[in-house]
Amino acid sequence: MITLKSTQEGLEFWISDADSYPKIKKELEDTLGANREFYRGTHLPANFFGWEFTDLQKRELSAFLGREYGIYRVHFSDDESPDQMPEQPKRRGRRAAARAEEKAPEPEAAFMERRDGSMFLPKTIRSGQRIECQGDVVVVGDVNPGAEIIATGNIAVFGKLRGLAHAGASGRQDVIIVANYLVPQQIRIGGKIAIIPKNRRIDGPEIVKILDGKIVVDSLA
């Protein structure tokens, strides 16, 4: 009923063969819920095609996406223009808006890249950058502190991994994270999280995986 596409312009929800709004809403919740961490907090807009929603339904879906996933720019195919989408959630007081402006990152730090399928990145991922991928990610370069890589598949870093790496973001635990030099701020595989001590001895490339229900680090040397 719902086909979800991720493009440079945002998330696209294509609705076909639907016979009621409750069924559409339920499938939307299930589709996003299966990859909750992957979609939560995305800065991309959401666009709906293939169904004419009532104003009440539009408000309900917009509120749901904002509340559950931090997606506040929602556009429907029968709206006049995507440019009229609100950039921020409604009912924010002046103090809240002021705090948001004070904490806003520099333009370079707000960079985010998302893609369906695996990604090959021959570059260093800088602090503040966020990479999201529906597949495997290979980085030929460093992942600096403050950078994030989130993938539904495996993550390989041919350099220093010093930021956050989350493999198996869709819930998989049969994935791995490998790096030439492993000193991450945080490691995640599936729903498990680990902090790797920084003062340990590192003799070369290492692999992170789940073994007997726990995140373990092994040497590849």
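User: Which residue is the bridge partner of Ser 6 in S2?

Analyst: The bridge partner of Ser 6 in S2 is Leu 11. Strands are DSSP runs of E with at least two residues, and helices are runs of H or I with at least four, numbered from the N terminus. Two strands pair if DSSP finds at least two bridges between them; S1 and S2 (residues 10-15) have six, in the antiparallel sense. This is a predicted model, where local features need pLDDT of at least 70 and side-chain atom pairs pLDDT 80 or more, while totals for chains, interfaces and linings use all residues. Residues are numbered from 1 along each chain as its sequence is written, and side-chain values use heavy atoms, with hydrogens and water left out.

User: In what order do the four strands form the open sheet?

Analyst: The order is S1-S2-S3-S4, with mixed pairing. At the edges, strand S1 (2-7) and strand S4 (74-76) each pair on one side only.

User: Which strands does helix H1 lie across?

Analyst: Contact here means heavy atoms within 4.5 Å. Angles run from 0 to 180 degrees between N-to-C directions, using axes fitted to C-alpha atoms, for helices over the stretch in contact. Helix H1 (residues 21-33) lies across S1, S2 and strand S3 (46-49), at about 45° to S1. Helix H3 (residues 55-69) lies across S3 and S4, and runs at about 150° to S4.

User: How many aromatic pairs does a search of the whole structure find?

Analyst: Rings of Phe, Tyr and Trp (its six-membered ring) pair if their centres lie within 6.5 Å; planes under 30 degrees apart are stacked, over 60 edge-to-face, and the rest tilted. The search finds eight pairs. Trp 14 and Phe 49 are stacked, 4.3 Å centre to centre with 15° between the planes. That pair links strand S2 to strand S3, across 35 residues of chain.

User: Are Phe 64 and Tyr 69 buried or exposed?

Analyst: Buried means under 20% relative accessible area, exposed over 50%, and partly exposed in between (1.4 Å probe, protein chains only). Phe 64 and Tyr 69 are both buried. By contrast, Trp 14 is partly exposed at 37%, and Phe 49 is partly exposed at 23%.

User: What lies over the face of Phe 64?

Analyst: A charge sits over a ring if NZ of Lys or CZ of Arg is within 6 Å of the ring centre and within 35 degrees of the ring normal. Lys 25 lies over Phe 64, at 5.4 Å from the ring centre. Likewise, Lys 160 has its charged end over the ring of Tyr 181, 5.6 Å from the centre.
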